[in-house]
Amino acid sequence: MGKINDLDMSNWKELTDVWTDSLWIIPQRDNSGAHDGHYHGNFVPQIPHQLLTRYTKAGDFVLDPFAGSGTTLIEAQRMGRNSIGIELQPSVAAESIGRIHSEQKEGIIADTFVDDSRTFDTKRILETYNINSVQFIIYHPPYWDIIKFSEDENDLSNSTSLDEFINNFRQVVRNTSAILEKGRYCAVVIGDKYANSQLVPLGFYCMQATQQEGLTLKATIVKNFEETKGKANQKALWRQRALQNGLYLFKHEYIFVFRK
């Protein structure tokens, strides 16, 4: 397989801005330019930046099947990568594509299809851009029903059970990884949740579902976070709940890296 990134390994000691540890401490979200933290459930741009640095090179195609506010696409075009998003909600796609194109680079593709990633005909991507495959995929699904993103029954956040959620997520992986170039990488960004005073390890369930689609697990990264919109200004209340119920407050999410 050819080189999958633009890193100059002859000067590897100078690559101090490329993270290689499995614990990512990110004190503050990058909100520069078109990046905007207003959308519930979006992730910090530093995550796609690091992943694209390690697993892609300039001109590669990056796919985000849960495009949302467009974080992946914004970061990809900044780095000279082409990017394609799939977003279920037309209003979200329309709002995000405006911000994405506000930083559009000449000769760099950054587009979004409004569709269901479970059933979307991914051959449309290959035919539209005259390519044979994509070189990286970032999966950042809803954390089941923690946040209800829409009333659409096809929205994974409206899955009526854990089994349904995992099955829906697995369908997305199966459908989209079909166009991932052999030997290239993808990543799943996911957190856990509490329900009925017990831990629901969504991260590990999604990791297993991705493995079951024939992808090889290469890394497990733990990323910290200090505060979310849902818990803003409620630290004392959540601490009380943790003490009362014998729980611990989440300050982490998982990033699972896979190779096809």
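Author: Helix α5 covers residues 162-177 and helix α6 residues 202-211; they pack at an angle of about 40 degrees, with their axes 9 Å apart. This is a predicted model, in which local features need pLDDT of at least 70 and side-chain atom pairs count only at pLDDT 80 or more, while totals for chains, interfaces and linings use all residues. Residues are numbered from 1 along each chain as its sequence is written, and side-chain values use heavy atoms, with hydrogens and water left out.

Reader: Which residues in α5 and α6 meet?

Author: From α5, Leu-162, Phe-165, Ile-166, Phe-169, Arg-170 and Val-173 meet Leu-202, Tyr-205, Cys-206, Ala-209 and Thr-210 of α6; contact means heavy atoms within 4.5 Å. These residues divide into nine nonpolar, one polar and one charged.

Reader: Moving on, why is helix α2 largely enclosed?

Author: Helix α2 (residues 71-78) is largely enclosed by the rest of the structure because seven of its eight residues are buried. Buried means under 20% relative accessible area, exposed over 50%, and partly exposed in between, with a 1.4 Å probe and protein chains only. Helices (H or I, at least four residues) and strands (E, at least two) are DSSP runs, numbered from the N terminus.

Reader: What do the buried residues of α2 pack against?

Author: They pack against α1 (46-55), β2 (61-64), β3 (82-87), α3 (90-101), β4 (110-114) and β5 (134-139). The buried residues include Leu-73, Ile-74 and Glu-75. After α2 comes Gly-80, with a positive phi near 80 degrees.

Reader: Which residues other than glycine have a positive phi?

Author: Asn-130 is one of them, with a phi of about 55 degrees, and Trp-144 is another, with a phi near 55 degrees. Asn-130 lies in the loop between α4 (123-129) and β5, whereas Trp-144 is found in the loop between β5 and α5.

Reader: Is Trp-144 buried or exposed?

Author: Trp-144 counts as buried, at 11% relative accessibility. Asn-130 counts as exposed, at 71%.

Reader: Finally, what is Phe-136 in contact with?

Author: Leaving aside neighbours within four places in sequence, the contacts of Phe-136 include Leu-51, Tyr-55, Phe-61, Leu-180 and Tyr-185.

Technical notes:
Axes are lines fitted to C-alpha atoms, for helices over the stretch in contact, and angles run from 0 to 180 degrees between N-to-C directions. Ala, Val, Leu, Ile, Met, Phe, Trp, Tyr, Cys and Pro count as nonpolar, Asp, Glu, Lys and Arg as charged, and the others, Gly among them, as polar.
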